[in-house]
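Have a look at the picture and then follow along below.

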Amino acid sequence: LISLAAAVAEEITFRGVLLALLTVATGSVWVAVLLASAAFGVSHMIQGAQSAVIISGIALALHGLVAISGSLYLAIAVHFLYDLIAGLAYGRLGERHGYPREGIAA
């Protein structure tokens, strides 16, 4: 459910609303895509700078999916599957290395 909520909320926010607002503000869909992708990466900075850069690239690809499909649905589905698979994989990796299920205190 967390993966689904994140996918729906983030795609509507970054590939939908923010892209539309930035397109109007800048007058260029290309500039808007670059700014929205950068914002998406920055919003994931808690995962580290290198991850934020990679996630900005993923955002560009998701914008491409929206442009090709003409809808947010495909981007939401891809985002959901990525988050679900990554979450399960990271969970298994954490178990393998003995991390507690409740997390590690910061």
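Let's start on the inside. In this predicted model, the largest nonpolar core is made up of five residues: L19, L22, A32, V33 and A36. Two helices, α1 (residues 2-26) and α2 (residues 29-43), each give two or more residues to this core. The biggest giver is α2, with three residues.

Pick out A32 from that group and check its surroundings. Once you skip the neighbours within four places in sequence, A32 is in contact with L19, L22, T23 and T26.

## How the two helices meet

To describe a pair of packed helices, you give the angle between their axes and the distance between those axes. For α1 and α2, the axes come within 8 Å and cross at roughly 140 degrees. That angle makes α1 oblique to α2, and the crossing is right-handed.

So who does the touching? On the α1 side, the contact is made by E10, F14, R15, L18, L19, L22, T23 and T26. On the α2 side, you'll find V29, V31, A32, V33, L35, A36, A39, F40 and S43.

## A buried glutamate

Now slide along to E11, which also sits in helix α1. Is E11 buried or exposed? E11 counts as buried, because its relative accessibility is 0%.

The side chain of E11 has polar partners, too: it makes a polar contact with the side chain of R15 at 2.8 Å, and another with the side chain of H79 at 2.5 Å. Leaving out residues up to four places away in sequence, E11 touches A6, G16, L62, L72, A75, I76 and H79.

Key:
Residues are numbered from 1 along each chain as its sequence is written. This is a predicted model: local features need pLDDT of at least 70, side-chain atom pairs count only at pLDDT 80 or more; totals for chains, interfaces and linings use all residues. Side-chain values use heavy atoms; hydrogens and water are left out. A nonpolar core is a set of buried Ala, Val, Leu, Ile, Met, Phe, Trp, Tyr and Cys residues joined through side-chain atoms within 4.5 Å. Buried means under 20% relative accessible area, exposed over 50%, partly exposed in between (1.4 Å probe, protein chains only). Helices (H or I, at least four residues) and strands (E, at least two) are DSSP runs, numbered from the N terminus. Contact means heavy atoms within 4.5 Å. A polar contact is a pair of N or O atoms within 3.5 Å; within protein, one must be able to donate a hydrogen and the other to accept it, and residues adjacent in sequence count only if both atoms are side-chain atoms. Axes are lines fitted to C-alpha atoms, for helices over the stretch in contact, and angles run from 0 to 180 degrees between N-to-C directions. Angles under 35 degrees count as roughly parallel, over 145 as roughly antiparallel, 65 to 115 as roughly perpendicular and the rest as oblique. A crossing is left-handed if the near helix is turned anticlockwise from the far one by less than a right angle, and right-handed if clockwise.
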